[in-house]
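Me: I am new to reading models. Can we work through how the terms are applied?

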There are 2 protein chains.
Amino acid sequence: MIKQRATNVHWHEGDITKADRERLNGHRAVCLWFTGLSGSGKSTIAREVEKILYERGIHAYVLDGDNIRHGLNKDLGFSPEDRSENIRRIGEVAKLFVDAGFIVMTAFISPYRKDRDNVRKLMKEGEFAEIYIKCTIDVCEARDPKGLYKKARAGEIKEFTGISAPYEEPVNPELVIDTSVEDDVRVNASKVVAFLEENGYLQIPQEVASAEVQK
Amino acid sequence: MIKQRATNVHWHEGDITKADRERLNGHRAVCLWFTGLSGSGKSTIAREVEKILYERGIHAYVLDGDNIRHGLNKDLGFSPEDRSENIRRIGEVAKLFVDAGFIVMTAFISPYRKDRDNVRKLMKEGEFAEIYIKCTIDVCEARDPKGLYKKARAGEIKEFTGISAPYEEPVNPELVIDTSVEDDVRVNASKVVAFLEENGYLQIPQEVASAEVQK
């Protein structure tokens, strides 16, 4: 069984807007920007949230190393300049996904506060939420899911965040999830979904649903 | 009135795939790559197609100069190298939108055959269709909607496609629309929609609709 498509969404004068797409989807668009150390659980939690939202018919998409580092940003390395350009481009792509009506989740270490703040500035109020996936370096290093900490300690990887490059903690993130305290991915994903629910992202306000929106 | 969200889409083991998103949306995902001279009508036709698809509840999105040149690619100029990098990045973003389940339309001059072919290679069979918006340089220059040809003739813009930089026509595009013969945007947009219909993009095959898809 597949769902029926909407037949009651009508186009007004002008180009299709984000509000139009939100009406079509039946939920708000937002960028959830996950930040934290390697091994903290960013991508795992984001992909679990994606599954939960998918089952509810919500349009969500995850940008992470798997689909960005070997594609759009394959020309970039790990110097401070390249890390900044990496985050800038991801921010611009996330903005496009928000404009397209998605709940887009980005899962990158994004260690520099200034880079994250620049992405926030790209978007409008309410379109960006910083989610700090907090975890002690000791726990991340003990997990070491990709063996990267081991390589960093051996000096095989230069400029590794937390070891030989800085991580600047968020000052005022919209949500903090500490995975060194609670590491169950379902529990942690449900906290993100609760954040979306409590802030009204999983439905659209009546005035948006009923109004002809001006561009 | 807003539409009801699907409640009958269930997640299988593994991450959410393009096929899952196509089931959720009720249509296929594809990149329609519009190419042609400045003033040929690429963006105008793409945005008209977007409106038609929106009214049918189809998830479509246009990438064009308006949302790319001042955002993701604001660091790039118009040299051959920068034009290539411009197209490479747009191709990678289009690929993400296809993966996310969209009918994504890109509207850029994209004058070099090699750059367009590289984007085609990024995607799988059936995920990319080249749409040549054909128009004589005389007609484009007479239209000159942004006054760019005038500036190019005056030497105020260097490396302007068709005047002082080459345009390499597509060799074997999936669709050709000649706007110097027919310039009604609705007629031309309907040709694109007909292409999508005839090639099965506006519905999903029964086997995709009913199957549990493996990653």
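Me: What kind of crossing do α4(A) and α5(A) make?
Reply: α4(A) passes α5(A) in a right-handed crossing. That term applies if the near helix is turned clockwise from the far one by less than a right angle; anticlockwise is left-handed.

Me: Which residues make the contact?
Reply: α4(A) gives Ser84(A), Ile87(A), Arg88(A), Gly91(A), Glu92(A) and Lys95(A). α5(A) gives Asp115(A), Asn118(A), Val119(A) and Leu122(A). Contact means C-beta atoms, placed from the backbone, within 7 Å.

Me: Why are α4(A) and α5(A) called roughly parallel?
Reply: Their packing angle is about 25 degrees, with axes 9 Å apart. Angles under 35 degrees count as roughly parallel. Therefore α4(A) and α5(A) are roughly parallel.

Me: How far can I trust chain A?
Reply: This is a predicted model, where local features need pLDDT of at least 70 and side-chain atom pairs 80 or more, while totals for chains, interfaces and linings use all residues. Residues are numbered from 1 along each chain, with chains lettered from A and ligands numbered from 1 in the order written. pLDDT is the predictor's confidence in each residue, from 0 to 100. Chain A has a mean of 91, and 90% of its residues reach 70 or more. Over residues 1–7 of chain A, pLDDT is below 50. Where pLDDT is low, the predicted coordinates should not be read in detail.

Notes. Contact = placed C-beta atoms within 7 Å. Axes fitted to C-alpha atoms, helices over the stretch in contact; angles between N-to-C directions. Helix = DSSP H or I, 4+ residues; strand = E, 2+ residues; numbered from the N terminus. Parallel < 35°, antiparallel > 145°, perpendicular 65-115°, else oblique.
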